[in-house]
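Here is a short briefing for a first look at this structure.

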Amino acid sequence: MSSAASRSSLPSGLAVLTTFPDVLFIPELIFGGLVWILIAASKVSHAPLQGWVMFVSVFCFVMTATLLFLYMCGAHGGSSSWVTLDVICQVTAALFYLSAAVLEAYYTYVLRGLTIFPDWKSIYYKENIAAVVFAFVATLLYVIHKIYSLRRWKSS
């Protein structure tokens, strides 16, 4: 068996920042971090719902940062099992973020009609609108990353 056939298609070092879909780690971290900040800053009137959104944003942020760090360090060592791990992480993140974005959108819609916020243009409403937008952007990024990770997995 040739060494080219046993190599993983995962990049290592700074090549992670120049190859697609791995370059998506950076915007995933940015938009995931924005969701995390906005949810942490908003008024929590429904803890279970916003708790899930907070869990998803923190979990995916830490998972993405860890994968990025491990890829940049070359921890995968050319093993093809890391391609499978990448797919599992991206699928999980995409599903988690989709559920969190939909729940946050629903909560924001309900927040608009609540009497505890008579002025629907309040800062809390605006923070939640921004969190919804960034959560859907993060969802889209993770879905794109997932599709290309699945293609890489299938070809490995």
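The side chains of D86 and R152 meet in a salt bridge, with N and O 2.8 Å apart. This pair links distant parts of the chain: D86 sits in helix α4 (residues 81-113) and R152 in helix α5, 66 residues apart. The model is a predicted one.

**Salt bridges**
- A search of the whole structure finds two salt bridges.
- R152 also forms a salt bridge with D22, where the closest N and O atoms are 2.9 Å apart.
- That pair, too, links distant parts of the chain, 130 residues apart.
- R152 lies in helix α5 (residues 123-155), while D22 lies in the loop between α1 (3-6) and α2 (25-41).
- Salt bridges link D22, D86 and R152 in a network.

**Burial of the network**
- D86 counts as buried because its relative accessible area is 0%, under the 20% cut-off.
- R152 has a relative accessible area of 10%, so R152 is buried.
- D22 is buried, as is R152.

**Helix α3**
- Helix α3 covers residues 47-73, 27 residues in total.
- At 1.5 Å a residue, α3 should span 39 Å; its end C-alpha atoms are 38 Å apart, which agrees.
- Buried residues in α3 include L49, V53, V56, C60, M63, L67, L68 and Y71.
- Q50, S57 and T64 are also among the buried residues of α3.
- The buried residues of α3 pack against α2, α4 and α5.
- Just after α3, G74 takes a positive phi of about 75°.

Terms used. Residues numbered from 1 in each chain as written. Predicted model: local features only at pLDDT ≥ 70, side-chain atom pairs only at ≥ 80, totals over all residues. Heavy atoms only, no water. Salt bridge = Lys/Arg side-chain N within 4 Å of Asp/Glu carboxyl O. Helix = DSSP H or I, 4+ residues; strand = E, 2+ residues; numbered from the N terminus. Buried < 20%, exposed > 50% of the residue type's maximum accessible area, 1.4 Å probe, protein only. Expected span 1.5 Å × (residues − 1). Contact = heavy atoms within 4.5 Å.
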